[in-house]
Amino acid sequence: MYYDMTEGHLISPCDGFLTYTKIQEDKIFDIKNTNYTLKDLLDNEKLAEHFYDGDAFVFRLTPANFHRYCYAAAGRILFSGKIQGKLHCVRPIALRTVPVFVQNCREYLAYKNKDFGMIVQMEIGALLVGKISNHRHAEGADQVRAGVEKGYFEFGGSTILLLFQKDIIAFREELYNRQSPDGEIPVHMGDFIARLK
């Protein structure tokens, strides 16, 4: 498979349906029928602050999509995180204090690319059936490469999220020609989706 490894190009990490959006502090991401702010998704307010006014790429995978994914760009590993999912009680008294029924399990890797700066690539598992299987890095490994498999979802449709800081990314406008009425753009792993601004 051919991946465009041109410097300053970002590739799609998976097959699926892409939605591109600007990130505001109060932006709500509707992922797997659950609403999240960026702070909630990352479970880390300080990390979320780095991406306000930046750009987000949300890739929705369906059961028909190939469920392996790669890195969208090369870079030096900074840190990773794993957030366990939550299933809240549906009793009326609980609903007054907890506004969501569920939160999906999430894993992410923050890494630094020489062109794009800090990138967060997050995998979000599907409820009940989603299992994220990310490959572990070899002892002492501190680099990732674009197009190298990052992991796979074991079952069911899932989601990948890419986050970029302000004024870094220029979305590939020609992709809008493929956009469906609901705003999603079909993409394949390795498609050129954005460039350095």
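Start by selecting Lys197 and Asp167, whose side chains meet in a salt bridge at 3.9 Å, N to O. This pair ties together distant parts of the chain, 30 residues apart: Lys197 lies in the segment after strand S18 (192-196), and Asp167 sits in the loop between strand S15 (159-164) and S16. Lys197 counts as exposed, at 57% relative accessibility, while Asp167 is partly exposed at 48%. Keep in mind as you look around that this is a predicted model.

Next, select Arg60 and Glu184. Their side chains form a salt bridge too, at 2.7 Å from N to O. Here the partners are 124 residues apart, with Arg60 in strand S5 (residues 55-60) and Glu184 in the loop between strand S16 (169-171) and strand S17 (185-187). Glu184 is buried, with 11% relative accessibility, whereas Arg60 is partly exposed at 34%.

Now move to Glu174 and Arg172, joined by a side-chain salt bridge of 3.1 Å, N to O. Glu174 is partly exposed, with a relative accessibility of 40%. The structure holds nine salt bridges, these pairs among them.

Glu49 belongs to helix H2 (residues 45-49) and is partly exposed, at 47% relative accessible area.

Finally, zoom out to the whole chain. You will find three helices and 18 strands, and 51% of the 197 residues are buried. The accessible surface comes to about 10300 Å², with 52% of it belonging to carbon and sulfur atoms.

Key. Residues numbered from 1 in each chain as written. Predicted model: local features only at pLDDT ≥ 70, side-chain atom pairs only at ≥ 80, totals over all residues. Heavy atoms only, no water. Helix = DSSP H or I, 4+ residues; strand = E, 2+ residues; numbered from the N terminus. Buried < 20%, exposed > 50% of the residue type's maximum accessible area, 1.4 Å probe, protein only. Areas by Shrake-Rupley, 256 points an atom, 1.4 Å probe, with all protein chains shown as cover. Salt bridge = Lys/Arg side-chain N within 4 Å of Asp/Glu carboxyl O.
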